[in-house]
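Here's a quick look at the aromatic rings in this one. Have the model open as you read.

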Amino acid sequence: KMQPSGRHYVVVRPLFSEDSFAEQHERINRTRKTLRHHLKDYFTCDTNRAKNAARSLLPIIGWIKNYNIKEWLLGDIVSGISTGLVAVLQGLAFSLLASLPPGYGLYTAFFPAIIYFFLGTSRHLSVGAFPILSLMVGAVVTRLVPDGGPPANITGFEGLSMEQQRVLVASSVTFVMGAFQLIMGMLQVGFIVMYLSETLVSGFTTAAAVHILVSQLRFVLGLDFPGVNGPLAIVYTLENVFSDITNTNVADLVTSIVIMALVLIVKEINDRFKSKLPVPIPIEVIVVGIITEYDSKIYNFLIKLHHFIYESPIAPNLEVIKESAVEAFPMAIVGFAVAFSVAKVYSVKHDYTIDGNQELLAFGVSNMFGASFRSFAASTALSRTAIQESTGGKTQIAGVLSAMMVLIVIVAVGFLLEPLPRSVLGALVIVNLKGMLMQFRELPFLWKNDRTDFQCIQLEQKLFTVVCRTQFPRCSLLANITGTDIYRDRKDYNSIYEPEGVKIFKIPSPIFFANIDFFRDKLVQAVGFSPLKVLKKRNKALRKIRKMLRNGELEISDVRQPSTDTSEDNNSMEGLDQPIDFSGIPIQVNWNTELPANISVPPVNIHSLVLDFSAVSFLDISALKGLKATLKEFLRIEVDVYIVSCDVYIMEKLHQCSFFDDEIKTSIFYPTLHDAMLHILEKHPDHGELEKVFTVICNGLTVN
């Protein structure tokens with residue numbers, strides 16, 4: 001029992017060892033489930049589990065029945081058209097990276113997107129070609145079917161042209177990549193993406209962007225030499241470029257420079273004025289339209305394109321699979337990791353959940369299906385997904401409409417795109433690398449604040465680091481052992497004291513990129529509500545109250561009139577995660593009472609949350625960002641947060657990384673858990689369970 005006494009406290013208890021403590025406080029023997037019980041529960045089937053399994057395997061069942069045609073359809077149509085135009089150009093451009101003719105990039109933008117529509121859990125992901133995956137496919141293609149020299153000795157290559165051989169290699173490696181993703185999804189190993197930290201993914205994509213940039217120089221300069229892959233490919237490519245630089249095609253170079261400058265300028269305009277533009281300016285489409293306007297190679301390509309469309313599906317080549325399986329596995333990991341990371345950003349923004357295991361299944365089936373129709377590896381591109389979301393896309397209806405746009409291009413107007421110079425496509429590839437290349441700006445920050453992350457540029461190094469740490473710690477809620485200043489797992493003891501409205505949460509491990517999401521999920525589970533959802537609900541409720549006051553639907557006497565500002569969009573998701581703003585509300589809102597007009601807000605039954613950091617030995621940059629976001633979510637819904645027993649070096653790092661601001665202050669940190677609890681009881685008295693004095697008795701002596 002506790003009693004605050006000014007700025008001091010006294011505890012009375014004997015000196016405990018673990019043995020003597022166990023003698024006085026009998027531990028509850030809890031029955032734990034064995035592996036057999038877990039397997040039995042997992043494989044037990046009933047009607048509800050069957051329905052849930054169907055919804056899990058076909059997520060479209062869950063969201064299509066709730067589809068709001070009136071509010072969402074127009075946005076999905078606009079988004080689908082806008083995204084489809086970009087997907088066409090990116091598909092054509094990224095085909096160069098895969099060392100394939102441009103038309104096959106259109107297949108990658110069509111077939112996988114159709115399957116993802118039924119199986120994917122993200123509502124905003126734009127499925128199609130991704131430059132890094134295209135480059136990885138191209139490495140396999142040029143290794144087995146090089147530009148200069150005979151192809152590999154593979155059964156099935158006989159009688160095929162070089163182009164057909166390359167298409168067979170690309171589709172086969174894509175098929176086995178999809179098979180790896182499908183198997184991982186069936187084995188429920190979606191958590192594997194947690195081993196790829198934000199820093200590692202950024203480093204990998206930035207390095208790959210440099211490779212892609214160098215590989216496109218030969219097209220931009222109009223040079224004719226075979227592509228190079230493997231170790232030191234950048235060095236050999238640059239050697240070839242500088243050796244042949246005198247043969248530069250000036251027309252191609254000037255065209256590329258003009259296109260890159262124009263596209264970059266218009267993209268910057270799109271970014272700066274996105275709130276004022278109804279849709280982004282499709283500059284890539286405009287550029288390609290201008291260039292193809294003056295070309296006459298139409299009829300022959302039309303016949304060739306229809307020949308492509310009506311070709312029958314192809315089976316993967318087993319010998320190619322044997323030759324490329326080692327390269328296909330990292331492709332499966334990278335493709336999934338990038339797509340999942342992008343999907344998670346938009347799922348958090350729009351408040352819905354995505355399932356990592358189902359995403360593996362969706363991409364696995366999508367890639368296997370697409371490979372049967374000559375497409376190459378599919379994932380997503382951040383720029384394309386950003387367009388799909390920013391132009392009003394609400395569901396994968398926009399994704400399937402963008403695929404339909406690609407189909408229209410393939411069948412109706414694709415012939416116009418065949419004569420595009422490779423310098424134009426190369427310029428478009430380079431422009432689309434802007435986002436990844438800008439990640440170089442993060443290197444000084446990482447070097448200064450987290451050199452371990454800076455140095456881990458190889459996947460094996462990072463995995464070794466993660467294996468040496470813990471990813472799934474046993475988090476627990478603590479309670480005070482009655483009559484002591486000791487806190488233990490509340491499930492293990494009977495003689496415990498838990499002040500009303502207080503939760504004490506302990507994570508017994510370091511917090512880092514691989515377990516920060518696990519930590520946040522366990523914390524939400526422990527307190528019984530999601531602070532972010534509560535915050536969004538409260539802000540949405542205030543918007544509705546303001547609207548009702550403006551429209552006269554809610555009358556309040558003897559108070560000042562509410563603001564007449566009508567600029568606020570009640571249906572917009574923007575700003576719902578910001579601090580609660582009571583401006584324009586002439587009354588005090590009590591969230592624990594009934595609100596007008598049946599407005600419902602999730603209840604919050606705690607006023608204080610204590611995080612025990614006594615076992616947290618380090619925080620990395622990814623975890624620091626996640627922790628800061630979590631603390632702000634609780635503080636913004638009026639839940640006081642305290643961090644106790646934090647290591648002094650962690651405190652130093654928090655200061656270095658600008659962790660503290662107007663919302664998160666150093667005053668929330670306490671040296672011990674008991675200090676924090678006494679402060680809380682002083683601030684929120686619990687009159688039913690108080691005791692006047694705490695004294696620690698040590699060898700017969702009282703210590704104050």
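Predicted model: local features only at pLDDT ≥ 70, side-chain atom pairs only at ≥ 80, totals over all residues.

Residues are numbered from 1 along each chain as its sequence is written, and side-chain values use heavy atoms, leaving out hydrogens and water.

How many aromatic pairs does the structure hold? There are 19, where a pair means Phe, Tyr or Trp rings (for Trp, the six-membered one) with centres within 6.5 Å; planes under 30 degrees apart are stacked, over 60 edge-to-face, and the rest tilted. Two of the pairs go in the table.

| Pair | Centre distance | Plane angle | Type |
|---|---|---|---|
| F336 and F340 | 5.6 Å | 40 degrees | tilted |
| F529 and F634 | 6.1 Å | 65 degrees | edge-to-face |

F336 and F340 sit about one helical turn apart, because they're four residues apart in helix α15 (residues 318-349); helices here are DSSP runs of H or I, at least four residues, numbered from the N terminus. Both F336 and F340 are buried, meaning under 20% relative accessible area with a 1.4 Å probe, protein chains only.

Elsewhere, ring pairs link Y104, Y107, F110, F111, F369 and F373 into a cluster. Finally, R123 lies over the face of Y352, 4.5 Å from the ring centre; that call needs NZ of Lys or CZ of Arg within 6 Å of the ring centre and within 35 degrees of the ring normal.

Note on methods: Helix = DSSP H or I, 4+ residues; strand = E, 2+ residues; numbered from the N terminus. Buried < 20%, exposed > 50% of the residue type's maximum accessible area, 1.4 Å probe, protein only.
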